[in-house]
Amino acid sequence: MSQTVAIILKVGEEHTQTFEQMFADEILPLWREFVSAGKFLSASLTPVQDGDYPPPQGFRYYILHLEPRGMAEHEEFDQDPRFLKTFLPRAQALQPERPWVWFGDTLFKIEA
């Protein structure tokens, strides 16, 4: 059974270009590696444009959605040094507030 991971990242508006470039350079290749190895079924990063809880002034919110094959693959990604030691500390420095994080085993799923 796969997992669904939903994270709302809260990046300072002045850091969005830096964050997006770091993500493209460092996390996208890692995601592609995990997808090609069958460890992730899907992964996306989406800037929030509208919704019930818009970001406060000076913030940009991002929806990070992952579907790892299971908890083992989720933990493998979280412990990968390219994420944990290289990307994460620098990305956290661009976030004035902690992200909102949720995950669990996927109950229902429909694909196009």
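Let's start with a term: a pocket is an open set of points on a 1 Å grid over the protein atoms alone, where a 1.4 Å probe fits, with protein on both sides within 12 Å along at least five of seven lines. The model is predicted, so to speak of local features takes pLDDT of at least 70 and side-chain atom pairs count only at pLDDT 80 or more, while totals for linings use all residues. Residues are numbered from 1 along each chain, and side-chain values use heavy atoms.

First stop: the largest pocket, with about 520 Å³ of space (the volume filled by probe spheres set on the grid points). Select Ile7, Leu9, Phe83, Leu88 and Pro99, the closest to its centre of the 25 residues that line it (lining means an atom within 4 Å of a point). Now colour helix H3 (81-93), which gives the largest share of that lining, six residues (helices are DSSP runs of H or I, at least four residues).

Next, pick Phe19 and Phe87. Their ring centres are 6.4 Å apart and their planes at 50 degrees, so the pair is tilted (centres within 6.5 Å make a pair; under 30 degrees is stacked, over 60 edge-to-face, the rest tilted). Phe19 sits in helix H1 and Phe87 in helix H3, so the pair ties together parts 68 residues apart in sequence. Both are buried (under 20% relative accessible area).

Then select Phe77 and Phe83, another tilted pair at 5.0 Å centre to centre and 35 degrees between the planes.

Last, show Lys39: its charged end sits over the ring of Phe34, 5.3 Å from the centre (NZ of Lys within 6 Å of the ring centre and within 35 degrees of the ring normal).

How values were computed
Helices (H or I, at least four residues) and strands (E, at least two) are DSSP runs, numbered from the N terminus. Rings of Phe, Tyr and Trp (its six-membered ring) pair if their centres lie within 6.5 Å; planes under 30 degrees apart count as stacked, over 60 as edge-to-face and the rest as tilted. Buried means under 20% relative accessible area, exposed over 50%, partly exposed in between (1.4 Å probe, protein chains only).
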